[in-house]
Amino acid sequence: MYQTFLSFRYLRARPISWIGVAGIFVAVAALILILSIMSGFLAETRSHLRGSLSDLLIQPHLDRNLMHEGRSILPKRDVPGILEVILADPLVEGASAHYTWYGMLAAAGRERMQSDVTFGDLALVKLVGIDPTEEGTVSSLREDLVRDSLISDEQVADPDDPFGPIPGYEPDGRPLDKVLIGEQLARFWGLRRGRTLELVTAVLDPETGSPREAVSRSFVVAGTFRSKNNEFDLSTLYLPRSVMADWFGSGRGFTDVAVRLKDYEGTKTEAQKSLANKLHEAGYLHDPEITGGSEIRTWEDFQRSMLAAIENEKGLLGIMLSLVLLVAAFSVFAILSMLVQEKRRDIGVLCALGATQWGVMGTFLMIGLWEALLGTLLGLAAGIWSSLNINAIEQALSNTFGFQIFNREAYAFDHIPTVIEGSGVAAIVIGAFAASLIAAALPAWRAARLNPVEGLRHE
Amino acid sequence: MSETNSPILSVRNVRRAFKAGERNLEVLHGVNLDVAPRERLCLMGSSGAGKTTLLNIIGLLDRPDEGQVILKGQDAWALPNSGRAGLRNHTLGFVFQFYHLLPELNALENTTLPARLAGARGARLREFREKAEKSLIAFGLGERLTHRPGKLSGGEQQRVAIARALLMDPPLLIADEPTGNLDRTTGDRVLNLLFEEQQKRDFALLLVTHDQRLAQRCERVVHMEDGLIQADSVTPIPH
């Protein structure tokens, strides 16, 4: 095909044509790299946001009556019963009943004054009563308890029995109940294993369910945990569920149940519906037709706004960076238009020698095709290579310029995360290719429309 | 008229006008012309007489407002674009005053360009390449096959252009002032080459020129004036 032959000759003989290739190359490589980094950030952030959250969280409206077997009753509150119903569901891997309430954390003794002033705004904490054995089936708590720690005596003595005896803890009188505290919270408050802390909270009225009176109680730190979610670590304390149930009473064995599914992504909606119906029939939840299933939520429901914000950011960045692609396509258009103008005489000669209009158009379109093909392929290779080696590149650039380009202290991770998404890369490649071809089509069409007589007159 | 004597080109009542501001300026007022096979015809006339316009219409590069151009028995302007492109490729050969070689291609590639435009590939293209190589060697360009036009003199470029025009063995070769851009000696050499090739290959030659000396070497001289053919004289020349 003479179009291929001529277009390749024009491309080879005109160094300016390579500007178009370079433009597409840079745009494709930059888009793939940015998309990979944003996808990496999203994946990493999802993982951090999830932290030690289970797949589903069942939060019955315990103080609102429901209809069960024709009678209006308060929802059932026994732990063995609800766990039996949940665990009987074939989609469920594990379940753990929690007794959750809120309180204020106060360090004991002379440290209290300083910590109250310095970290006063961090004092509100969530108190989660758990059974460690049950909890191990739904969350990463056990792994979070054995994470390497710079201060060794912050960790629990026995991860399999985190509320077990504390080495070196010798109480003055009756041993205090134990609490597990987030590693970062412990550092802020200067707490470590064996130290005591005070929790201030309000006890509920068993009749109305409203806070009745403020109470405080001392606990001893059994150890620290560190999930991937900093916010969670700074605001959560684990206590034995039995302690919480005794403390707050109200006839409740639990306030919520964490559930792990065998296949979260594949069955989350199905499992939500199935559990809602089964627990309603058993008298633990309200009619899902009335509540809209709001008593069972996924972990994503709790983090939806943050996840949506990052997704949105990724989309916006993609759109903004697509402008680079438009600039590259425009450079193809400009260069090819220049070439057509410059080659008017050649177009006349080609027509005189027997080229058709389509043949002339094909020749110039083919130049755009070469530029698109070369630029896209080189950009694809460079984009993937730089995505895979971004940390080495960042390190080399940081060493060269003498400052850290990626500020590790600003993020919860110590590397630039990247995830190469096949569909995203394919969209970029197809988009770049299509944009370049469309940009080449207009000058190519103009070339085909040129009057050969005027071309032959052109010097 | 027998097949061999029927004209290779017949121009019938061709009219062509151009817009000049508000006015319609008619350049050709109904031109009639026949060119017989193997004929050597010289088209002469002053500037603005309409020679180039007629040549462009005959060369199927510019559409007449009226009239017909019959090439090898086909009404060329009634054909679709692709049909006319085929006629330009196989039936017509062009030699231009300014050579019009493609600067990105070397002499051999320029010469084989009509074959590529005809879609020749593989063995067929290799045949044309050998043919082009032989022509260029015969034209004294054996050492210049891979040289680009920028490295060739005017005379050499015109010889490449002649080799290119003759590659597809067209029955009619149109030469527009083929020596107009060359010095006299070089021009004479190029003309000699053109006439020798005509004798060898038996194609009809339509020459457009102002050069009276050149006209004397043609057996038929047609004079154009004001868009019409005013004189048509035949002087047999021994080949």
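Me: Where is B:D226 found in this structure?
Reply: In this predicted model, B:D226 sits in the loop between β9 (220-225) and β10 of chain B.

Me: Is B:D226 buried, partly exposed or exposed?
Reply: Count the neighbours: a residue is buried with 20 or more other C-beta atoms within 10 Å, and exposed with 12 or fewer. B:D226 has 14 other C-beta atoms within 10 Å, so it is partly exposed.

Me: What about the phi of B:D226?
Reply: Here is the general idea: most residues other than glycine have a negative phi. B:D226 is not a glycine, yet its phi is positive, about 50°.

Me: And what is phi of B:L60 near?
Reply: Phi of B:L60 is near 60°, again a positive value in a residue other than glycine. B:L60 belongs to the loop between α1 and β4 of chain B. With 25 C-beta neighbours inside 10 Å, B:L60 counts as buried.

Me: Which residues does B:D62 touch?
Reply: Leaving aside residues up to four places away in sequence, B:D62 touches A:V453, B:T53, B:N56 and B:I57. B:D62 lies in the loop between α1 (51-58) and β4 (66-71) of chain B. It is partly exposed, because 19 other C-beta atoms lie within 10 Å.

Me: How many residues apart in sequence are B:D62 and B:R16?
Reply: They are 46 residues apart in sequence, and 9.3 Å apart in space, C-alpha to C-alpha.

Me: Where is confidence lowest and where is it highest in chain B?
Reply: Strand β10 (residues 228-234) is lowest, at a mean pLDDT of 79, and helix α3 (residues 107-117) is highest, at 95. Chain B averages 89.

Terms used. Residues are numbered from 1 along each chain as its sequence is written. Chains are lettered from A and ligands numbered from 1 in the order in which they are written. This is a predicted model: local features need pLDDT of at least 70, side-chain atom pairs count only at pLDDT 80 or more; totals for chains, interfaces and linings use all residues. pLDDT is the predictor's confidence in each residue, from 0 to 100. Helices (H or I, at least four residues) and strands (E, at least two) are DSSP runs, numbered from the N terminus. Two residues are in contact if their C-beta atoms, placed from the backbone, lie within 7 Å.
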